[in-house]
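Please look at the sequence and the 3D view below.

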Amino acid sequence: MDFPAETWKLFTSAGTEVRFGTGESLLRQGDPPTHVSVLLSGRVKVLTGSADGTVLLLAVRGPGELLGSMGVVGGHGRSATVVALEPCVTRVLGAERFRELIRAHGLEEMLLRRTMLRMLEGETWRAELAALPAEPRVARALERLATPGADGLPEVDLDQTEIGQAVGLSRGMVAAALARFRKRGLVRTERRRVVIRDLPGLRDLAGSGQRDV
């Protein structure tokens, strides 16, 4: 989230610093909303599970995110699990302290708008998964989850199973789609890393809805 500098300073100056290692859970789906985590550094993945055991990867978030605010504001259990993709540094604010800050500085409306935007993004993503063939699904996921790489090219630092969780496909189907993308020169694949070599071409495919690459 892109908060105004003065608002972000309120969050980052409050609470207690907590560090998480790669693979550790910052939040767990279904847990009570006891606190909010302010992500200062590192990246996390946001996962939601259904009753049948299906896991959907909703997003990858980086520094500048408030994690867990939806549950604290709404007073309901955590709607998703958040796992560190790399070492992360956070500031953890207790639920009541967070609500006090929001009330004292008149931030309720801004936070509500941002919460609704996140919910809309999630619903839009689920609708796309139900409507698109496999290759456009994978293309949209790569575009959506990509972050700038060290060489200037956008990249997705997830393995094929995790990408499959983002699009509701098996690892094998994701591998087949990536092989076709490589053949077209759209991507380069490495261990736990997909580098996007041709972003306009990938976007064309993502928006096409066609079944064959």
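Two strands are said to pair if DSSP finds at least two bridges between them. Strands themselves are DSSP runs of type E with at least two residues, helices are runs of H or I with at least four residues, and both are numbered from the N terminus. The model is predicted: local features need pLDDT of at least 70, side-chain atom pairs count only at pLDDT 80 or more, and totals for chains, interfaces and linings use all residues. Residues are numbered from 1 along each chain as its sequence is written, and side-chain values use heavy atoms, with hydrogens and water left out.

Begin with an open sheet of 4 strands, in the order β9-β10-β12-β11, where the pairing is antiparallel. Its edge strands, which each pair on one side only, are β9 (147-148) and β11 (187-190). Strand β10 (residues 154-156) pairs with strand β12 (residues 193-196) in the antiparallel sense over 2 bridges. For one of the residues, E155, the bridge partner in β12 is V195. Helix α7 (residues 171-183) packs on this sheet and touches β11 and β12, and its direction makes about 130° with that of β11. Contact here means heavy atoms within 4.5 Å. Axes are lines fitted to C-alpha atoms, for helices over the stretch in contact, and angles run from 0 to 180 degrees between N-to-C directions.

Another open sheet also has 4 strands, with the order β1-β8-β3-β6 and antiparallel pairing. Here β1 (16-20) and β6 are the edge strands, each pairing on one side only. The twist from one strand to the next averages 35°. Strand β3 (residues 35-41) pairs with strand β8 (residues 88-94) in the antiparallel sense over 6 bridges. Within this pair, H35 has G94 of β8 as its bridge partner, and L39 stands opposite T90. β3 also pairs with strand β6 (residues 65-67), again in the antiparallel sense, over 3 bridges; there V38 stands opposite L66. Helix α1 (residues 5-12) packs on the sheet, touching β3, β6 and β8, and its direction makes about 115° with that of β3.

Now turn to helices that pack on each other. Two packed helices are described by the angle between their axes and the distance between the axes. The axes of helix α6 (residues 160-167) and α7 come within 8 Å and cross at roughly 100°. That makes α6 roughly perpendicular to α7. The naming goes by angle: under 35 degrees is roughly parallel, over 145 roughly antiparallel, 65 to 115 roughly perpendicular, and the rest oblique. In this contact, Q160, T161, I163, G164 and V167 of α6 meet R171, V174, A175 and L178 of α7. By class, the contact has 5 nonpolar, 3 polar and 1 charged residues. Ala, Val, Leu, Ile, Met, Phe, Trp, Tyr, Cys and Pro count as nonpolar, Asp, Glu, Lys and Arg as charged, and the others, Gly among them, as polar.

α7 also packs against α5, at an angle of about 80° and with the axes 10 Å apart. These two helices are therefore roughly perpendicular to each other. The residues in contact are A134, E135, V138, A139 and L142 of α5 and M173, A177, L178, R180 and F181 of α7. This contact has 8 nonpolar, no polar and 2 charged residues.

What lies in the interior? In soluble globular proteins, nonpolar side chains tend to be buried together. Buried means under 20% relative accessible area, exposed over 50%, and partly exposed in between, with a 1.4 Å probe and protein chains only. A nonpolar core is a set of buried Ala, Val, Leu, Ile, Met, Phe, Trp, Tyr and Cys residues joined through side-chain atoms within 4.5 Å. The largest such core has 44 residues, and those with the most contacts inside it are V138, L142, L145, L158, V167 and F181. Helix α5 (residues 134-145) gives the most to this core, with 6 residues. A second, separate core of 16 residues includes F11, L93, F98 and M110.

Two single residues complete the tour. V46, in strand β4 (residues 44-49), is buried, with a relative accessible area of 13%. R61, in strand β5 (residues 55-61), also counts as buried, at 18% relative accessibility. Leaving aside neighbours within four places in sequence, R61 is in contact with L39, G42, R43, V44, V46, R118 and E121.
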